[in-house]
Amino acid sequence: MTSFDGLPPLRDVIERHGLVAKKSLGQNFLLDLNLTSKIARLAGDLSKCDVLEVGPGPGGLTRGLLAEGARKVLAVEKDSRAIAALDEISAIYPGRLEVLNADALEIDPLERLSTPVRIVSNLPYNIGTELLVRWLTPPSWPPYWSSMTLMFQREVAERIVAQPGSKKYGRLAILSQWRTRANIVMELPPEAFTPPPKIHSAVVHFEALPKARFEADPKVLERIVAAGFNQRRKMLRASLKGAAPEIEDRLVAAGIKPTDRAEQISVEGWCALAREVAKT
């Protein structure tokens, strides 16, 4: 039995190529092609875009992206076992799929992509957060990508859209909401994956804003936010001690009470503090 693109069902592909998911690579495969096609559609019109996909595995989402009309897909896969399966997809879509056997943390996608670019991925759990932070904090803005449609553990997705005062509000919320519009657009139960993870998953869609909501140096902002939330139960004058000289004075200059805690501070407040710290 074949599927909409003439390729075998994903379960057959996995069996034929011996693609048992590896926990060490953060792999959980999404095998329902109806779901992968839906995720591709949530990314928007792909017909005039190149797409970066990280961790395609056996290629379920890859097939959805190509079937939905992506101009080109760059599929970056660290697991060499999956390359043969992805090459079979490339043969069905000549000239539209480039498979790169590499670590996504070590490549420059722009060497192989033409703008406009959308990033669409079922991210490996073990590098998802690190990749997201990198994509949100390039030296200049707007970034090379116009949108990102990314699958995370639901807990991570909820942290991305959390608001000040929430227990889930933290670094990911601040960095995401500073420069993008981020929304949870889809949730998936464990049984949608092979092997089923112990947690639910969710897809977050990010639209890059033309300019950041508030001025701040991304490296300074990321550093002080990380420090502040590393000890989120402490008052900011304690958790940020050592982050900059005379931190209490800088907090006051940014309009923040030194006795406040990290989760009480808005994105605007953190950006104001980053500007004060950058003066040192």
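Which residues does Trp135 touch, not counting residues up to four places away in sequence? In this predicted model, the contacts of Trp135 comprise Leu52, Val54, Ile119, Leu123, Trp141, Tyr144, Trp145, Met148 and Leu150. Trp135 is also, together with Trp270, one of the residues with the most contacts inside the largest nonpolar core, which has 61 residues. Helix α11, spanning residues 267–278, supplies the largest share of this core, namely 7 residues.

Ser201 itself lies in strand β9, which covers residues 201–208. With a relative accessible area of 0%, Ser201 falls under the 20% limit and is therefore buried.

The packing of helices α7 (residues 171–179) and α8 (residues 218–230) was examined next. The axes of α7 and α8 come within 9 Å and cross at roughly 150°; because angles over 145 degrees count as roughly antiparallel, the two helices are assigned to that class. The crossing of α7 and α8 is right-handed. On the α7 side, the contact is made by Arg171, Ile174, Leu175, Trp178 and Arg179, which meet Pro218, Leu221, Glu222, Val225, Ala226 and Phe229 of α8. By residue class, this contact of α7 with α8 contains 8 nonpolar and 3 charged residues, with no polar ones.

Key:
Residues numbered from 1 in each chain as written. Predicted model: local features only at pLDDT ≥ 70, side-chain atom pairs only at ≥ 80, totals over all residues. Heavy atoms only, no water. Axes fitted to C-alpha atoms, helices over the stretch in contact; angles between N-to-C directions. Helix = DSSP H or I, 4+ residues; strand = E, 2+ residues; numbered from the N terminus. Parallel < 35°, antiparallel > 145°, perpendicular 65-115°, else oblique. Left-handed = near helix turned anticlockwise from the far one by under 90°. Contact = heavy atoms within 4.5 Å. Nonpolar A, V, L, I, M, F, W, Y, C, P; charged D, E, K, R; others polar. Core = buried A, V, L, I, M, F, W, Y, C linked by side-chain atoms within 4.5 Å. Buried < 20%, exposed > 50% of the residue type's maximum accessible area, 1.4 Å probe, protein only.
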